[in-house]
Amino acid sequence: MLKNIDPLLSPELLKVLAEMGHGDTVAVVDANFTATTLGRGKPVVRLPGVGLVRTCAAVLSVFPLDLPGRPVAFMAVGDQPPHYRSPLQQDVIALCASAAQAGPGQCQAVERFAFYDLVKRAYAIVQTGEMQPYANFLFSKGVLAAAPHQAPP
């Protein structure tokens, strides 16, 4: 048992997130996403019965985003205006701002097939039990700044 680690973060998922390097991406996707096909050769962690927002909150609690820049991408909702965000997407974007300091301008909508291409290059996929369509996000890993070195007293 570990302290201050979200219990949703299984040993398998923590290992995957820890293995990732600066600039690697993790896809957090809905239950209907083609994770097995697009995830060939990479870790696919399944969290059945867990929603997207809850999963993103757990991942972002330990995952530094690649700031500044646009470290968050999400699948644009088809047949909607370019700036449309579903209520669920709005919730995750708000979570990114509060939990990971990535504002809405750092979260980019990506057309469905272009999103699939990005997922093919991702380090890993986390498939949730989310049933809402277009509930698919990519997070790019940043770096943790080292604490300043202090000489012993």
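Guide: Here is a tour of one aromatic cluster, ring by ring. Keep in mind that this is a predicted model, where local features need pLDDT of at least 70, side-chain atom pairs count only at pLDDT 80 or more, and totals for chains, interfaces and linings use all residues. Residues are numbered from 1 along each chain as its sequence is written, and side-chain values use heavy atoms, with hydrogens and water left out.

The structure has 5 aromatic pairs; rings of Phe, Tyr and Trp (its six-membered ring) pair if their centres lie within 6.5 Å, and planes under 30 degrees apart count as stacked, over 60 as edge-to-face and the rest as tilted. One of them joins Phe33 and Phe115, edge-to-face, at 6.3 Å centre to centre with 85 degrees between the planes. That pair ties together distant parts of the chain, 82 residues apart: Phe33 is in the loop between strand S1 (25-29) and helix H2 (35-38), and Phe115 is in helix H5 (residues 112-120). Helices (H or I, at least four residues) and strands (E, at least two) are DSSP runs, numbered from the N terminus. Phe33 and Phe115 are both buried, where buried means under 20% relative accessible area, exposed over 50%, and partly exposed in between (1.4 Å probe, protein chains only).

Now for Phe113 and Tyr116. Their ring centres are 5.6 Å apart and their planes at 85 degrees, so this pair is edge-to-face. Phe113 and Tyr116 are 3 residues apart in helix H5, so about one helical turn separates them. Phe113 is partly exposed at 49% relative accessibility, whereas Tyr116 is buried at 17%. Put together, Phe33, Phe113, Phe115 and Tyr116 form one aromatic cluster.
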